[in-house]
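Please open the structure in your viewer and keep the selection tool at hand.

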Amino acid sequence: MSALNKRGEGLRRAGRQLASTSIILVVAASFRAGGSIILARALGPVDRGRAAIIITVAGLFAVLGSFGLDASLRYHLPRSDVQSAVRQIFVRDSSRALGVATVALLPLALVIFYSMDVLQSPSELVLAVSLLYLSLITVFALGVGRAEGFLVRAGWSEAVRTGALLGGASSLYLVFGTEQLTPYLVVLLGSSVVGLLPLLPQVMAHLTDARRGVAEAEERRTGPSLLRHGLMTQAGSISMTLAYRLDRLLLGWLRSNREVGLYSVAVAVAELTVVVPTAIAQVTFDHIAQQRSRAEEKRSLRLLAALTLVLSVAVAGGLWVLAPWLIPAVFGERYSGAVGPARILAVAGVAMSMWRVTATGLMGQGRFKSYLRGSLLALVLSAGAGVPVIAAHGMPGAAVVSVVAYIGAMAVAVVGMTQRHETSRGSDAPVSEVRT
């Protein structure tokens, strides 16, 4: 097959994946929005804020506890000549990561919960801790599904999870009139379990192949590289996840859980900006990672970045216009205070969308350090400006800090995208030769 035909087939495959993933993520986003509406109307700003903090901490627990192994698996598995080696190492290190999370991260999560008056009963404690571990397991399962090439099925996992959440929350609120947090935490936990079902065949096949054993030489060659890239990815993921979620934690710490509840509604609305760009980012990693030419990498990444910019700006403009009507009409008048932050966060959504696609493309090239630099800058900006600005200005200040942080991360990724990058990309080059 000629190089031109190969390029055309690669683009067509990426296009099919993008279309399928986009449709699924739009469905998932619709379910997620419905679930957010039900939670907001049922719980009120204060309990909605407590729920948001639990979800935020669960997300941080998953990112910290994964050690970036999910993204490292997606990078290394297609390149390995002995894929069972990579699978076995991933299973081994994931098991160790669960142990480290229990020893080091669980106590920290509990300190956050109780210092912010989030948990108010033993049942809420059990449910919150269960959600922490389930979030981490979900990260590993999604990593396996995507690494094995099942991007669409990974998307269905999110759609199933959010659909189950919407159905369960709607039943509690509309049928039983429940307005306490604990039953909704049960629904959240159950929907997360259901969301894992579409990935179960791939996870079981992965575990079966991993049991075949690994030659010692292959383990020595692949293991350190898998962990090294995983740690760099984890550092970037931690930084960006903290930058993305730090505003809610600081609002709860410096202001009140009520403001966290209002702000969470603003975030839920603004996240519509990043739905399709998230699908583009998922396709970008695998499409770029499969290229054997630097010219093809750059051409594909620029095309995907341009598409992301157009789509995210269009959605953000619509949200800016509609937010003053949309939020009170859908979430209720008691959430009218979320309108201003939602409009600001829509702008932040454009920068976040661009960062996700460009940074994911750089990771697909093996440039994990470029991803790390942008994430660290976003965290520094969020933490450095967040404390004084949020303490003084509350929700609007948190939204403005997010805009600044995401623009900084986006700028680093865009500059990295334009820079010259030399690595060994031959089809028979060992993983350890790929430099960052």
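How many salt bridges does the structure hold? The structure holds 8 salt bridges, a salt bridge being a side-chain nitrogen of Lys or Arg within 4 Å of a carboxyl oxygen of Asp or Glu. The model is predicted, so local features need pLDDT of at least 70 and side-chain atom pairs count only at pLDDT 80 or more, while totals for chains, interfaces and linings use all residues. Residues are numbered from 1 along each chain as its sequence is written, and side-chain values use heavy atoms, with hydrogens and water left out.

**First stop: Arg50**

Select Asp47 and Arg50, whose side chains meet in a salt bridge with an N to O distance of 3.1 Å. Both belong to helix α1 (residues 3-66), 3 residues apart, which is about one turn of the helix. Helices here are DSSP runs (H or I, at least four residues), numbered from the N terminus. Asp47 and Arg50 are both buried; buried means under 20% relative accessible area, exposed over 50%, and partly exposed in between (1.4 Å probe, protein chains only).

Glu124 forms a salt bridge with Arg50, and their closest N and O atoms are 3.0 Å apart. Because Glu124 lies in helix α4 (residues 122-147) and Arg50 in helix α1, this pair ties together parts that are 74 residues apart in sequence. Glu124, like Arg50, is buried.

**Second stop: Arg255 and Glu259**

Select Arg255 and Glu259, whose side chains form a salt bridge (2.9 Å, N to O).

The structure holds 4 cavities of 30 Å³ or more. A cavity is a set of points on a 1 Å grid over the protein atoms alone where a 1.4 Å probe fits but cannot get out; lining residues have an atom within 4 Å of a point. The largest cavity has a volume of about 130 Å³, where volume is the space filled by probe spheres set on the points.

Select Tyr244, Ala270, Glu271, Leu345 and Tyr406, which lie nearest the centre of this cavity among its 14 lining residues. Finally, colour α12 (339-364), which gives the largest share of the lining, 4 residues.

Definitions and conventions. On a 1 Å grid over the protein atoms alone, a cavity is a set of points where a 1.4 Å probe fits but cannot get out, and a pocket is an open set with protein on both sides within 12 Å along at least five of seven lines; lining residues have an atom within 4 Å of a point. Helices (H or I, at least four residues) and strands (E, at least two) are DSSP runs, numbered from the N terminus.
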